[in-house]
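The following paragraphs lead the reader through selected side-chain interactions. Please consult the sequence and the model alongside the text.

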Amino acid sequence: MNAPPIIIIGNGIAGITTARHIRKKSNKPILIISKESKYFFSRTALMYVYMGHLKWEHTQPYESHFWKKNKLNLLQETVTNIDSENKKITLSNESILSYDSLVLATGSIPNKFGWPGENHKGVQGLYSKQDLENLESLSASIQEAVIVGGGLIGIELAEMLHSRGKKVTFLVREKSFWNNVLPKQESKIINQHILSHGIDLRLDTNLEEIIADENGRVKLVRTDKGDLISCQFVGLTAGVKPNVEFIKQTNIATNRGILVNKYLETNQPGVYAIGDCAEQKEPQPGRRSIEAVWYTGRMMGETLAQTLTGTKTEYNPGNWFNSAKFFDIEYQTYGLVSAHPEDNEKHFHWKHSVKDHAITIAYNKETYEFLGINTFGIRMRHEIFDQILSDKRTVFQVAEHLKDCNFDPEFFNSYEEEIITKFNLEFKTKIKLKRKSWSRIFNSKLMKS
Amino acid sequence: MKKLQQLGLGIFLIGLALFCSLMFLGSYNLSNNQFQKIIESKRIKSEIFTGKIKSKIVDKEFSSSFEISEIIINSLKESNKIHKTNREWNKVIYDKPHSFSYEILKVAGTGIIKENKVLFWLLTFGLGIFGSLLFIIPNIITLGPPGIKNNGIYFNSATNRGFLGWFVFIFLVVFYVLLYFYPDYIVNWTYIVDPISENLSGNPASQWFLYGFLYCTVMTVMAIRMYIKYRNNKYQILRTTSVWFFQIVFAFLIPEILVRFEKPWYDFKNAFPLDYDFFFSWNLNSLIDSGGFGLFILVWGIVLTLIIVPVMVYFFGKRWYCSWVCGCGGLAETLGDPFRHLSNKSIGAWKLERWLVHGVLVFSLLMTGFTLYSYFSGSQSVLGIKTQSIQNIYGFLIGSIFAGVIGTGFYPIFGNRVWCRFGCPLAAYLGLVQRFKSRFRITTNGGQCISCGNCSTYCEMGIDVRAYAQKGQDIVRSSCVGCGVCSAVCPRGVLKLENGPLENRTYAPEFPLGNSL
């Protein structure tokens, strides 16, 4: 009889990264189970399929022979139960499989808040491959759409529908787009940008009710302002939550997500949870207990693979970073920039007089330690900022080395002079920009390897 | 705006239809006087051939180029056959039959097109240019604010190997087959650019002048499209301007003007071995015969290939040539841009690419070796293989079929860089330098990649850029032409083309940045 495999439930970035890194170090049998799709795909690329930038197969980072070559077995099934005492799982077809270790990487599901009519036809989130397929099948019958929820998926869904010529109304509960993450000047830039694309952005507006026609298909949305908006599609994008429904019936401890310690272990021996579905019992200082982003999923996968190949390793995600794109504006962030700075955090903000280029630098007003940066329409080098954050450099050192930090394509307009002028005025300093230095840039890169 | 664009498309199609229909218009009447001139200039000694032409063609009116061409070619073949059996080698006509027929038709043409060159230029080129600009320029508004504009590319039958794509494919292939192998059928097209050619070089237009002019026109119109599509991206705008400039000035204007001053036609940027007949004896003789200037070209051509090209690749990567200067690259980056995503990204295609492109490089070098040996030793063959045959095979398979018919004809099916990726010997040479001794690389920005696949999809060279980026690895690939589109389409700012120190150029971390493992 063959040894039971490491079973990974979920073939998103977290599960697949785990599998790949186990395979780099060990020949243990691995089985990946997911109903969603046979092959791993990039969830963040779903939008580009709907917009016609990519075809479905382009969202798959590995060719299909990759899985066979690396002996990563794929099973397109749903897991219905986990018996962690006997190290067995049950599939929806009643078959039972034994595992050596079990990795739960089940991802997220869209939030629903019990809105009246939220289950009508034409109402959905955008998370899974099936969501994309549903949207595509409805698409021809959509002229007007309403998006509810002002986060990253909401703005992506707005862009998607807009690209196919749909009239989009975007309901955002907050007074300004994503203002629980972005400082208010930046949030304002995005508001303007959304409007400039012809999206009917309605801030400070809540969904009250979704009204269907006689066939059960959505036809109207009523807001708390009393407005009735005609639509054939409602996108519910009010965030996501861990996909843990079927785990709650097992003896694996959950809260909002599956509870894990710093080794990504659940309360059951041999069972681990990673990615969006995992909830850290003791998150690192400054970090949230659930971080449903691509990068943390990847990093948990890398970490767990070490543990599963014999090197027990703590999850230590390092300095925070993230990125997104709001229609045509690219956004990157390194370190922590609070939306509403408190205590000693203070911000330096610069925006181009006309164009949508902006940066915000957060620093400690006592020590001038650099805390983080948000950039809009300007690309920055990850390695350099990671180094700056690890070395706890001051905001002055960052300002001086802005040219090293820039990662925009060649010949792009650079704004460092403008930024430094404003910086010097605000800080009453006389900092001069240092010339770009390859040795500084590459040293920071090499220190990471 | 949509209406305006549809109108533009309509006008363009009318221009195109008129252009195609020119093949079937006009008539041909070869006078005895004209024929005598041809006999003299071509030094034709075959009385059988001249007799046949005189009885069948001279002073007769033909309404179709196909008909008259058939008679000429048959006469030529029949007379050659007789002379060969009689071993009258000096009477055999060695010209390619359709090229020879082209020369007769070029002078024999009469009628509506030849008498109204400017009018027909306006009805074909004129309408085509006007219509396509009317189609393209409203994009400033219809595409929305500046940014990446790839919406609907995979829904469009023209850019997703749909019926329109296949139609364009067939059209282009037929065009190239006519251009390379049946120039006599398209002699009417050359009349409408005669006035331009006469102004530049003083000579009537050949099919190659027509092709050069068409090439420049297409590149100009499609460069305007590039300016609009990539108006958020200065790298693309400068690159497009550069590649356009080198085509118009170096590949088109300067060579034609050289001819006017009785110098050899020469494209100063076309480096050997892409310029595969540079060392052919007829070219060497012509260069040597044209004195100091010819010698300058000879030296320049050698220095370009041996010194300038590799040194520039060392500093900037092969992009300085392939996507900033080269004519083939110029067409690929303008006319070909709408098809760039159709390149094959599989590992299998990469393997094929390495065999083919290096194979062509070896072939071109062997052929040149044979050629130079023959040139200096005076012997017709090397190791029992005729130099002439090797040159003919190369010219046919690589120079015509691969570079032309497949290289451009297959844009709508295999993407816009089929020739550059699988066939160009210069690209192979530049690629070796780029891979092993160059400051150029595409830097991956730490751990920011989300594996979305835009970079790989829009890579015209079929490089699986994502495979590197998602590992946090910098990208050094011999085939990369540095078009910069991977960096442009990346939604997370992950990729940057740059020239930096050679140390750790192929940097590949165990984990992408972010994890403190």
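Is B:Glu460 buried or exposed? At 1% relative accessibility, B:Glu460 counts as buried, where buried means under 20% relative accessible area, exposed over 50% and partly exposed in between (1.4 Å probe, protein chains only). This is a predicted model, in which local features need pLDDT of at least 70 and side-chain atom pairs count only at pLDDT 80 or more, while totals for chains, interfaces and linings use all residues. Residues are numbered from 1 along each chain as its sequence is written, chains are lettered from A and ligands numbered from 1 in the order in which they are written, and side-chain values use heavy atoms, with hydrogens and water left out.

B:Glu460 forms a salt bridge with B:Arg340, with the closest N and O atoms 3.2 Å apart; a salt bridge is a side-chain nitrogen of Lys or Arg within 4 Å of a carboxyl oxygen of Asp or Glu. B:Arg340 is likewise buried, its relative accessible area being 1%. Salt bridges with shared partners join B:Glu460 and B:Arg340 into one network, whose members include B:Arg225, B:Asp337 and B:Arg417.

Elsewhere in chain B, a salt bridge of 2.7 Å (N to O) connects the side chains of B:Asp95 and B:Lys42. B:Asp95 is partly exposed at 28% relative accessibility, and B:Lys42 is partly exposed at 25%.

In chain A, A:Arg164 and A:Glu136 form a salt bridge whose closest N and O atoms are 2.8 Å apart. A:Arg164 is partly exposed, at 25%, as is A:Glu136, at 35% relative accessibility. Over all chains, the whole structure holds 37 salt bridges.
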